[in-house]
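Please read the notes below beside the sequence and the model. They are set out as numbered points.

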Amino acid sequence: MDGLAHQIVAGIATGGIYASVALAIVMIYQATHHVNFAQGEMATLSTFIAWSMVQAGMPYWVAFFATIAVSFAIGVVVERILIRPVANAPVLTMVGVFIGLLLIIGNATGWIFGYTTKVFPSPFASEKPLFGGLVSAHELGSTAVTLTVLTLVWAFFRFTKLGLAMRAAAYNPRSARLVGIRVGWMLALGWGLAAAIGAVAGMMVAPVVFLDPTMMLGILLYAFAGALMGGIDNPAGAVLGGFTVGVLENLAGAYVVGTELKLTVALAIIIGVLLVRPSGLFGRVVFSRV
Amino acid sequence: MTTTRRTLLGGTAGVLALPGLLRAQESPGVTASEIRIGTTYALSGPASAYSLIPKCLTAMFKRLNEQGGINGRQVNFLVYDDAYSPPKTLEQTRRLVEQDKVAFLFNNLGTPTNSAIHRYVNQRKIPHLFLATGADKWADPKGYPWTIGWQPSYRTEAQIYAKHILEQKPNARIGLLHQNDDFGKDYVNGVKDVLGARFDAMVRTASHEATDATIDSQVVSLQAAGCDALVCGIIPRFASQAIRRVFDLGWKPLMFMSNVSVSGAVVIEPAGKEKAIGLITSDYRKDQSDPSWADDPGMKEWRDFMARYIPDGELGDNNYTYAYGVGLTLLQVLRQCGNNLSRENVLKQATSLKPLELPTLLPGVTVGTSPDNYHPIRHMQLQRWDGRGWVRFGKVIEGAQV
């Protein structure tokens with residue numbers, strides 16, 4: 001039974017990684033109603049920017065917040081330059097643009113920073129591993145950061161006028177425009193926020209999985225599974241979904257299907273949720289009257 | 001029967017040029033003054049760190065040509081970029097074979113990339129010599145006689161680890177952590193070669209995908225299964241994770257790491273130098289940073305070569321010692337060929353190398369082949385991380401006969 005407890009704790013630690021990326025995915029969906037495939041690559045680029053700043057001698061937390069600011073700006077610029085012109089294009093065009101973005105940012109990151117693995121510092125260093133080495137102080141700390149970001153996001157959308165305006169712009173652009181909301185800028189803001197949250201996720205993930213240009217490739221798939229499971233329009237659901245996927249994946253890998261099919265579990269979750277409950281476990285079911 | 005204009009013209013030209021062309025037609029890529037050799041490498045893209053190898057090989061052929069070439073022939077070495085992308089490897093290989101008409105291919109880089117041209121070169125009967133990959137599949141004299149690797153295969157490496165485990169802990173319970181692909185499965189096969197029927201009783205395996213975020217769950221499973229030895233066939237990023245996690249768990253197995261994942265800067269330092277103490281790996285090359293080779297004549301030869309032909313080269317990069325060894329192996333083959341540089345004879349000589357000591361390989365490690373032994377290097381020596389560097393220990397061990 002010791003093994004079982006260990007698998008669960010290790011799963012929660014890995015789930016924390018998925019949860020933070022899932023949150024970024026949901027964020028951009030909230031603001032723009034698109035799923036950005038380049039989310040992971042953008043987060044990796046942000047993490048490399050933070051790494052360069054730390055390498056240049058900046059204190060960790062200064063680099064942390066500077067990276068969030070820079071990433072926000074990158075998100076806004078990407079929306080203005082690349083996404084805006086195709087805003088009214090069919091979905092397939094959007095998918096094409098997102099995949100193009102994924103390749104461009106991914107390769108540019110490798111070209112600029114190289115492909116060798118780099119060590120990314122953690123602000124939550126501890127000498128001794130906790131819980132018999134299953135969880136590091138960093139994993140606890142990063143889970144706390146994820147939950148903090150989640151609370152901030154929720155409060156932002158729930159209590160601020162800007163948050164309300166952004167939701168309105170995403171749900172019903174035409175009506176939003178009629179009541180005076182600048183829909184275009186709301187979308188750009190949404191991209192900026194998502195990029196900023198992605199940057200936080202990247203900086204929290206990197207100390208665990210080590211930093212290289214392909215860092216997010218695998219994580220993104222699990223994060224999608226988590227986001228879909230919790231409900232693609234529900235930030236809290238996505239975070240819970242991320243943790244659940246982490247634990248389920250470990251338990252299934254260790255006791256049910258074997259490690260060779262671990263990745264398949266994530267895909268099965270995606271398909272299962274889409275079949276049984278397309279809006280996710282905590283998502284709202286949206287009816288459109290035609 | 002139809003005679004097209006082209007065959008008619010070709011035939012006429014052939015007759016007119018008969019004396020000079022006869023030999024060239026017999027041996028593609030070979031003239032009285034030149035032998036043309038081709039390779040594909042990742043000169044760009046994620047694996048481009050290996051581009052130092054063809055750079056070193058080119059310099060070695062330059063040295064050879066300056067010394068008068070081989071049997072009066074200059075070596076013309078063509079290197080094309082495949083960016084580590086298998087479709088491009090096929091395209092560039094066809095260009096080498098069909099347009100440039102190279103005599104043979106030498107030291108092409110990568111497992112997936114060479115897999116893409118494996119059938120093609122064997123169907124066309126083109127020697128595909130001393131590939132820069134450690135997969136075991138290149139040693140298949142019956143199925144693919146024209147292809148041969150060079151460095152010890154991952155499978156040989158795993159055999160050596162298994163032999164050492166049996167010596168140290170005859171009743172060990174072995175955990176085998178491996179990537180779920182050809183690379184990782186070579187480690188499973190190697191351990192199986194040594195343990196035979198005992199494999200199922202002694203070994204617990206756990207695989208992971210290259211796309212997994214972490215391998216924590218697998219490490220925890222193997223620890224929970226009571227393993228006291230751990231063999232890892234994993235790539236550098238996961239190697240750092242595994243070293244750190246095993247240490248954090250307070251688990252102290254006899255731990256072996258694939259020798260593609262033991263770079264001090266890339267793997268050990270990210271994990272923590274102290275956390276890796278006791279980790280075991282293996283090598284067949286002399287480590288140029290090891291002070292015991294400071295006055296070694298072989299390494300001195302290599303350093304002199306570097307100073308003269310690649311003065312800006314980073315001497316700490318072991319791609320150069322690798323390239324120097326594989327380059328010398330090819331020169332031996334060319335010398336053995338004499339004046340008969342037909343593809344058949346090149347292959348015949350490449351697969352009948354008498355045990356050959358090379359300046360950049362460890363003493364006791366030799367390169368040798370025979371028509372039914374396509375594993376040129378079968379010996380390695382173990383080394384252990386002492387917190388600062390790798391320290392060799394024990395005798396040079398030979399892989400199992402399978």
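1. Conventions. This is a predicted model, in which local features need pLDDT of at least 70, side-chain atom pairs count only at pLDDT 80 or more, and totals for chains, interfaces and linings use all residues. Residues are numbered from 1 along each chain as its sequence is written, while chains are lettered from A and ligands numbered from 1 in the order in which they are written.

2. Contact between the chains. On the chain B side 25 residues are in contact with 34 residues of chain A, contact being taken as C-beta atoms, placed from the backbone, within 7 Å. Strand S6 (203-208), helix H9 (216-224), helix H10 (236-248) and helix H11 (264-271) of chain B each supply at least two residues of the side that touches chain A. Six residues, the largest share of that side, come from H9(B). Helices (H or I, at least four residues) and strands (E, at least two) are DSSP runs numbered from the N terminus. By class, the side of chain B that touches chain A has nine nonpolar, ten polar and six charged residues. For these classes Ala, Val, Leu, Ile, Met, Phe, Trp, Tyr, Cys and Pro count as nonpolar, Asp, Glu, Lys and Arg as charged, and the others, Gly among them, as polar.

3. Domains of chain B. Chain B is divided into domain 1 (25-152 + 290-371) and domain 2 (154-283 + 383-392), with bounds from an automatic or database domain assignment. The C-alpha centres of domain 1 and domain 2 of chain B lie 30 Å apart. Six residues of domain 1 of chain B are in contact with eight residues of domain 2 of chain B. The domain 1 side of this contact divides into two nonpolar, two polar and two charged residues.

4. Cores. The largest nonpolar core has 112 residues, and B:Phe104, B:Leu177, B:Val191, B:Leu230, B:Val231, B:Cys232 and B:Ala242 have the most contacts inside it. Such a core is a set of buried Ala, Val, Leu, Ile, Met, Phe, Trp, Tyr and Cys residues joined through C-beta atoms within 7 Å. A residue is buried if 20 or more other C-beta atoms lie within 10 Å of its own, exposed if 12 or fewer, and partly exposed in between, with C-beta atoms placed from the backbone. Helix H13 (residues 319-337) of chain B gives the most to this core, nine residues. Domain 1 and domain 2 of chain B both give residues to the core, so it lies between them. Apart from it lies another core, of 84 residues, among them A:Trp191, A:Leu193, A:Val209 and A:Ile232.

5. B:Cys232. Which residues does B:Cys232 contact, leaving aside neighbours within four places in sequence? They are B:Leu177, B:Ala239, B:Ala242, B:Phe256, B:Met257 and B:Ser258.

6. A helix pair in chain A. The axes of helix H2 (residues 39-55) and helix H3 (residues 60-83) of chain A come within 9 Å and cross at roughly 145 degrees. Axes are lines fitted to C-alpha atoms, for helices over the stretch in contact, and angles run from 0 to 180 degrees between N-to-C directions. The crossing of H2(A) and H3(A) is right-handed; a crossing is right-handed if the near helix is turned clockwise from the far one by less than a right angle, and left-handed if anticlockwise. The residues of this contact divide into nine nonpolar, three polar and no charged. Those in H2(A) include A:Ala50 and A:Met53, and those in H3(A) include A:Phe64 and A:Val70.

7. Two buried residues of chain B. B:Trp302 lies in helix H12 (residues 297-309) of chain B and is buried, with 25 other C-beta atoms within 10 Å. Not counting residues up to four places away in sequence, B:Trp302 touches B:Thr321, B:Tyr324, B:Pro359 and B:Thr360. B:Val97, in helix H4 of chain B, is buried with 20 other C-beta atoms within 10 Å. With the same exclusion of residues up to four places away, B:Val97 touches B:Val102, B:Arg124 and B:Ile126.

8. Positive phi. Most residues other than glycine have a negative phi. Phi of B:Asn71 is near 55 degrees; B:Asn71 lies in the loop between helix H3 (52-66) and strand S2 (74-81) of chain B and counts as partly exposed, with 13 C-beta neighbours inside 10 Å. B:Tyr84 has a positive phi of about 65 degrees and is found in the loop between S2 and helix H4 (86-99) of chain B. B:Tyr84 counts as buried, with 21 C-beta neighbours inside 10 Å.
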